[in-house]
Amino acid sequence: MKINDFSLPRRMSKSAFIIIWAQTLMPILKLIVIFGIISIINKEGDDIKDAFVKVLLISIGIIVYSAIYAAINYYFKKFYVENGNLIFMHGIFNKETKSIPLQKIQSLRTKQGLIYRLLNMRGISVDTLASKGSEIELILDEYDWRLLIDKIETGNTQENLPSKTTIKEQVATLHFSNQNLLKGAFCQNHLKGMIILLSLATALFDQIRSVNEALFDSIENYITSFVLSTSFSATIVIAIIVPVYMAILILWICKVFLQYYDMNLSIKTDQLTFEYGLITRNTAKFSFDKISTVKVKQNFLEKWFGCSTIMLKQALNATDEEKGSDIKIYGSNSSSNFLKWWLGENFTSSETIASAKSGLGVFAYTVRFDIIITTIACCIIFSFDLYFLVGLLAIYIITSIIKGYLAIKRSSITLKEEYVEISCGKLAEVKNYCKYSNIEVVRLRHTIFTPFYHKVILSISTNGTVFNIRSLEEKEARKIYELLLYKI
């Protein structure tokens, strides 16, 4: 009879053995397939048959070995819940026992690849703030997963655990359309595509610069004499750049679509649960008191389409290191829903305590690298008489000035009664919202220009993010600094 209260040490579902076996076998089997193809191609006649038999025997041996390894790995893994702790035991000779208080579990992430979905199983990663990696990784069927979630969230005992047919969470559900997802992905990629193209151009320039001067002169003369003198050259450039950029755009949209397809959000009083993915279904749970920052971004395309990108930031050592970031919601027009859930229903009417805007120092900080690049570009253009690039340089300078101006306009900090709003951004408008309880460190930093312009940098650190609001008036920044210390 299946024990369903997790009070006694138990192994994972039997189907977990198949998944562990597949995880062990697949990487080795790929190498064997490659080795087998190479071995057979290099043989002739009877040697092909011998090579095939050899590869087959090796494959059978590896399959048997991986099955034995997976069986041992599966058999010696047990878990249970006792006295409010999730306990995980594993190991053969060096046995290890991990005990995690249920209330200390920072986040739960699940994944459902193809094999998982065929077997109706979930891979579960349990994270705490004590480690950058996953503390515990389990493979459970849907029933056990629901029971474990119920145990973690409510601490139910055997008497009040729900039956298999009545496990249903009373939550509000929000579905994000795939149309909005594609629209949001499209809005993100233009600058990403230009960055990649710029990287390709930089690599090409490095290659040209590394060759001898005579060859460089020959290339320059050819370009000047035969290509740039005709309108056909511009057509060639466009014919190369546009397909490359479109390919980058399509690949990016496909990546976002596969990763975040059919995203569903379940909102409870103290928790958010995301489920997303086309081929691999992932689940991420965010506790109410574990989110350090809610970030809302809008570039001009997103404003045009009436959407935004939302990111929920957890503690740095509670995020998925392989993916490198927290949950992102592309193409959403529901930022107010998250802020109402996290900051309270009346967050829009929260009274302003103090605010400060950045000065011209932000402009200098934003364009500091652009000034260096422009100086170097001018030297190259006038040294090699590449005057046809002056137009591109002018566009770059104008873009840099616009970027610096927008950085000044958008850089500010506002203290509300219940939370802090930090605005920033260059070509996109970004608003970060964090609670006073999430702020861990506040600093006032002086620069070499402070004695002359009385501008300082206010740094705010949470357990997941660091914000630097630059070029603030010293008196205003000190007032905000003291208010933050009082609030936290």
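1. Let's start with Glu-302, which sits in helix H8 (residues 300-305); helices here are DSSP runs of H or I with at least four residues, strands are E runs of at least two, and both are numbered from the N terminus. Glu-302 is buried, at a relative accessible area of 0%. Buried means under 20%, exposed over 50%, and partly exposed in between, using a 1.4 Å probe and protein chains only. Beyond its neighbours within four places in sequence, Glu-302 is in contact with Cys-187, Gln-188, Lys-297, Cys-307, Ser-308 and Thr-309, where contact means heavy atoms within 4.5 Å.

2. A word on what you're looking at: this is a predicted model, in which local features need pLDDT of at least 70 and side-chain atom pairs count only at pLDDT 80 or more, while totals for chains, interfaces and linings use all residues. Residues are numbered from 1 along each chain as its sequence is written, and side-chain values use heavy atoms, with hydrogens and water left out.

3. Now the greasy part. The largest nonpolar core has 30 residues; such a core is a set of buried Ala, Val, Leu, Ile, Met, Phe, Trp, Tyr and Cys residues joined through side-chain atoms within 4.5 Å. Elements giving two or more residues to this core include helix H5 (178-210), strand S9 (271-276) and helix H9 (335-343). Phe-338 is among the residues with the most contacts inside the core. Leaving aside neighbours within four places in sequence, Phe-338 touches residues including Phe-176, Leu-265 and Phe-274. Apart from this core lies another, of 27 residues, among them Leu-86 and Tyr-143.

4. On to the salt bridges: the count is seven, each being a side-chain nitrogen of Lys or Arg within 4 Å of a carboxyl oxygen of Asp or Glu. Arg-10 pairs with Asp-144, their closest N and O atoms 2.9 Å apart. That pair links distant parts of the chain, 134 residues apart: Arg-10 comes before helix H1 (15-41), and Asp-144 is in helix H4 (residues 142-154). Is Arg-10 buried or exposed? Arg-10 is buried, at 12% relative accessible area, and Asp-144 is buried too, at 0%.

5. Compare Lys-487 and Glu-417, which meet in a salt bridge at 3.5 Å, N to O. Lys-487 is in helix H14 (residues 474-487) and Glu-417 in the loop between strand S15 (412-416) and strand S16 (419-424), so the pair ties together parts 70 residues apart in sequence. Lys-487 counts as partly exposed at 30% relative accessibility, and Glu-417 is partly exposed at 33%.
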